[in-house]
Amino acid sequence: MKAAVNYNKRGFYALIIVAILAFAIICRLAYLQLVKGDEYTAKTESQQLGDNEIKASRGTIYDSNMNILAQSASVWSVYINPSKINKISDEAEREETREVIISGLATLLELDEEKVRKYTEKNYSYQLVKGEIEKDTRDAILAFIDEYEDRDENPLDLSSIIGIDPDVKRYYPYSSLASTVIGFTGSDGDGLAGIEYYYNETLKGVSGRTITALNGNGTVMPNQYETIYEAQEGTSLVLTLDIYIQHILEDVLSRALEDTRAENVYGIVMEVDTGAILGMVSLPDYDLNDPFTISSEDLLSDYEEISAMSVEELTENDIPQEQTNKSYYRNVQWSNRAIVNTYEPGSVFKIITAAASIEEGLSDTTREFYCGGSIDYATRHINCWRTSGHGSETFYDLLKNSCNPFAVTLADELGTSRFYDYFEAFGFTEKTGVDTAGDLTPTEGVLFMSREDFSKSDLASYSFGQSFQVSPLQMITAVSAVANGGKLMTPYLVSKELDAEGNTVREAVPTVRRQVISESTAQLICDNMEQVVATGTGKNAYVAGYHVAGKTGTSEKLVVNNKKDTEAYIASFCGFAPANDPEIAVIIIVDEPVGDHGGGAVAAPLAGDVIEQVLMYLGVEHAYTADEMENLVETAPDLKGLSVPDARNKVGEKNLTIKVIGEGDTVISQYPEAGRELPSDGIVVVYTQPDYKAETVTVPDFTGLTVSEANRIALNNGLNIRISGSSLNSGTVYAYKQSVEAGQSVHMGEIITVSFKTTVGVAD
Amino acid sequence: MSRQENGAASFVKSMWHRFANYGSIDIWFLIIVLALLCTGLVMMFSASYPYAQIMYGDSTNFIKKQALYAVIGIVIMFAMSHIKSDFWRLMMPVVSGVTIFLLLIVFVLPQYRAGFYRWINLGFTTFQPSEIAKFAVIVAGAYYYSKYHKKMSSSKVAKGGWAGLVNNKIGAGLIKESWVPTWMFCLFFGGCSILVFLENHLSGCILIFGIGAVMMYLGGVRTRWFVIFGSIGIGLIAIVCIYIMATRDAEGTNFLKGYMEERIVGWLDKDYDPRGVRWQTNQALYAIGSGGFFGKGLGNSTQKYMYVSEPQNDMIFSIVCEELGFAGATIIILLFILLVYRGVVIGLNAKTRFSTMLAMGLVFQVGLQVLLNIAVASDSIPNTGISLPFFSYGGTSLVMLLAEMGIVLGVSREGKLKKK
C-alpha cells in the first residue's frame, strides 16, 4: 500500500508556498525601498524638519517728542489639554485634578468657574483658556502647577495638562488718540490699518528660524544638526504727529461733533514748509486697544437700530443691507476720513482760482468786478451765495466775500486748458503720496473730469469748487503750497526710522513735488486770505495776535447717507497762520452738521481755536496789531511790598482796576500774579492783611453774550476775561465757549478765556 | 527499576529513561536559530533605545530584559531538545486541556488593559494564552493526523467511534473515514480560535486559524478542500471589504468591531486617517522607504525617534529596513526561509509521523508569523498586531519561541538525518 500521506510532497509544497509569499513580500519591499524610496525619504525628512519661527519683536511707534504711541510687549496664553484629564483612569484622581484645575485657573485668570469647567469637559487636546496674560499671572500659574506636582501626598501631573505659550500683545498707551492714523494689528501681529498697515514690513522686522531635526514628539532629536537664523528686530517709527497738537485737535473736534451733531468731523494740522502732518483726527474713532468694539455711542445706537430692522423697513428707509452688519460700523470707526473721504471743496477752492488768475497775469490787486448776484455762463445761470449780489468788488473781495460770479469770470479768462493746468498742478488729479494706508487715488471721470471732457460748464462749477471731489489731505496740501511760497509738498507722517539700538536708519526729507505758483503770487493770496479771516466770511477763525489766513467752504452733499430727512452739507475751513510767516496749516471739515451749516459759522471757529492753541504750544510769539493792542493784553504789575496808594498808582498807569481787600497798609499778596497777561481793562486783586483769606467767586455763564456784556459781567464779579476768537466787529459776535465752566468757584481776579464767534457774514 | 525505591525518584528516573534524548542535534538548525536570535537582539536594541530613553529614561530598558529572557530561552531550548518527541504526543490531552482552561480563565481575570482579555498577569511578567494555544494546535494537529494517517487516503465511510454513530443516526455515508481526524482537530482549533477571537485578539485568532490550516495540509487533507474553502474565504473577505467600503459612512452598519473596520478601511483607502489610524502604518512605510538599498546603517534610523510608535514591537521590521536597507531585509527574510527549510528537512527525517508534523508545524508557525508581520509592516495587509519572531520585544514569547525551537532540535536528535 502506498504511503497514506506523502509528507515529502506536502512539506515541500508548503515550503514552496511560504517561499513564494516571501518572494512577494520581498518584491513589495523592493517597490517601497527602491522605487518609492526617494518619495518616502522626502516625507521622512519633511516631518522631521523642525522649522521654528523666532518672532521678531515689532517696532515701537513714537510721536515727534518720543512719546510711545504703540508698543509690543510679551504676554502669554494659557491652554489646557482636556483629553488628558479625561484619560486619567482613576476616577478619584481624575475628578480631583479637574477640580484643582477649575478652581486654580478660575482664580488666577479671573474667569468664571463654570466656563473653565466646560473647557475641562471637552475632548480636545488643545483648549485656549485665556490669552494675553501678563508675566505675574504667568508666574502665578507656574507656581500653582509646581505646588500640586511637588506635593508629597498624591501629586497631580498638572504640567502635562496646563500649558503656557508665549505671545505678543500690542499696547497703545493713548488708547483712542490718533487711532485712525496709527491703526492696529490683528491676531497674527500684522498691521490692519493706518501706519501699522502701511509700515507693516518695516515695523515687523524679519523673523528668524531655528531649523532642527525633530522626533515624533516634536522635540529635538539628539546628535542632529541645528541651524539658527537670528531674528531681525522690527524698525521703530518716529511720527511727525505731536500728541499735544493731536490732543488739541481732538478736543476741539470732539466738542464740535457733539455740538453740531454731525456724522463725522475730521481735520489735519500740517507744517506748511515741510508737509509734515502734526495732527490728524477723524471722529468718531475707536480705542486702539479694543478695535473691534464700537466705541462711539452714536454709531452703536445706529447699529442696534438698523440691525433690528426688517427687510421692508430697510427698503423703506433706503438703508443698504450692509449697514445691518457690525463690520460696516467697525470700518466706519476705523477709517481715517481726513485721507480717504472725498468732498466737494466748495469756496475753499476759490483760492486756487484766484492764484491761477494772478499767476497768469490776468488779474492784479487793482482788479475790479461787479457782482449782481448771478452770472449767466455757458448756458448756465449761476447764483452767488448772496443772491442780492456783492455789488462793486475789488480783487480782495473775491475771497473775502466768496463771490461766485467773480470766480467764474476769472476762470473764463483762464480758459479750460489753463485752468486745468492749475487743477493738475495743485495735485488734485494725483495721489498725495502720504505714507499711510488709504491715500486717495483720484479716479478720473469719477471724482473729476478728464482733461478731454472738461467743458466750459465744468469750468464754471470748478471755479468755485463744485462738481468734483477732493480729499481733505489734498486740499490742505494745496493750501499749504500757497502758504509756503508756492511749493507743493508731499505730506508725510513718519519722520524717522530707528533700529533696535535707536540709531536712525532713515530720516524723512521733505519732498517738494513742484513749484505751482510764484512766491509773489503766493504772498498776494496769503494777504487775501488773511482778509477773509480779518473781515470776511472766515472771521470766526480770527485769533488776536496770530494773523490767521483762511477760506471757508460749504457744499451740499450729493450722496446723502444718513437718516436725517434734510439736505446734508459739508462745512469746511482751510487756513494757516501766522499769515506773515506761515507755520501751520489747518483744515477742519464738519460732515453733515445739524442746524448751521456754513463753513464760516461751523468750521471756522474750530480752526481758530485749534490755531490759537497750537501756535501757543509751539511758542509762536503774538504779534498784535494796533487795534488788538488796544483791546488786549496788559501784564499784571508786581505790587507786592508796595503801599496801597503806590499800588493804586501803578495799576492806574496801566488802565487796570484794583480791588483792595483788608485793612493793611502794604500789599502782601496779589492775584493774578505779577507778569501774567490781563485784558487791558482787567482787574487785579490785592490782599493787605497777613492773615488774608483768598476770596473766591462763582464763574458766571458767558455764552451768548456780546464782548461788552461779557466784560461788564466779568468786572462785576471780580474776574478778568481774555477774549478769544473773532472780536473785531464786537457788535455781532457772541460768546460760545469759556475756559472755566459756569458755576465753578475760582480765585477772585482769575483770568477766564471766553471765545467769541459771529453769525453774520459767515454764511459761506 | 525496582518498585521498592522511593516513589517520586523512581518516577523521575523512569520518565528520564523513557523520554531523555541523547542523539545529536541538527547543528545547521541551531546555527540559523542563533543567527536570527543575535540579529534580532541587536536590531531590537537599536530600534528600542530612543523610545526607552524618552519613555523610561534608560535606553537599555528593553534590551536588558530581552537579553535576560534570551539567555533563559537558550537554556530552556537545550533542555527541550533533550525531550523525546513522544513525550509531547502523550502530553497532547494535557496541553489541550491547559490551553482551553487558560483561554477561558482570562475572561474572569482582571483585565490587564481595558477591553482586552488576552493577557494573564503573572506579576513579574505577562503572557498571552494564545501563545500556548498556537503550540497546542500544532501538537493536536500532529497527534490526530499521525494517529489516523492511514485513513487519510481512504474513501470508506466511517464505521467505528463517534463518526460511525453519527453515520448510523443520520443514514450511512455522511462522514468518511478520512474526515475523522479533521473533525476532531477542527473541533479543537476552531474552539481555540473562537475563544481567542472573543478575547478581542484578532491577530492571535488569524494565526491559530492559519496554523490549523497548515497542520491540516501537512496532515494530508485533500488539496481540493483547500482550493474550495480558500476560494470561499477569499470571496468572503472580498465581500466584507466591499461592504465595509460601501457602508463606511453609514451609521450602525458595522458588524466588525470599530477598530477592525477602521483598519480595513485604512488599508484600502490610504488617505483615510481619522484619529491617526494610519499613523503607525505610514510611519512604518516612511521608515522602510527611506532605507533605500543599503539602508542608513545600523543605529542610524531617524524614524525610531517616536515616529514609528513602539518601534521595538510589531513594527520593528520597518526599522530593520530603514537601517539595513533592502539588502539587509532580504537577507533576514532569507534566513527565516532557511529556518523553515531546515525545519522541514528535520521533519522529513524524523523518526515518527508525529514528530515530522510537530517539527514542520513549529517552523511553519514561525514562517507564517514572519510573513504576516512583514506584510503588515509593508502595508500589504490591514494592520494587525503580530510580532516578529526573534526580533520583537517580549520576554515570554521569546522564551516560548526558543522552547519550541528546542523541540524541533529534539526531533532532529531522533532523526535519521545525517549528522555532522
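Helices and strands here are DSSP runs, helices being H or I with at least four residues and strands E with at least two, numbered from the N terminus. This is a predicted model, so local features need pLDDT of at least 70 and side-chain atom pairs count only at pLDDT 80 or more, while totals for chains, interfaces and linings use all residues. Residues are numbered from 1 along each chain as its sequence is written, and chains are lettered from A and ligands numbered from 1 in the order in which they are written.

Start with Ala378(A), in the loop between strand S12 (374–377) and strand S13 (380–383) of chain A. Ala378(A) isn't glycine, yet its phi is positive, near 45°. Burial goes by other C-beta atoms within 10 Å of a residue's own, placed from the backbone: 20 or more is buried, 12 or fewer exposed, in between partly exposed. Ala378(A) has 14 such neighbours, so it counts as partly exposed.

Over in chain B, Phe390(B) also has a positive phi, near 75°. Its loop runs between helix H13 (353–377) and helix H14 (395–414) of chain B. Phe390(B) is buried because it has 27 C-beta neighbours inside 10 Å.

Next, the cis peptide bonds. One joins Ala577(A) to Pro578(A), with omega about -15°, and Pro578(A) sits in the loop between strand S20 (569–577) and strand S21 (584–591) of chain A.

Finally, the contact takes 33 residues from chain A and 43 residues from chain B, where contact means C-beta atoms, placed from the backbone, within 7 Å. H1(A) gives the most to chain A's side, with 18 residues.

Definitions and conventions
Contact = placed C-beta atoms within 7 Å.
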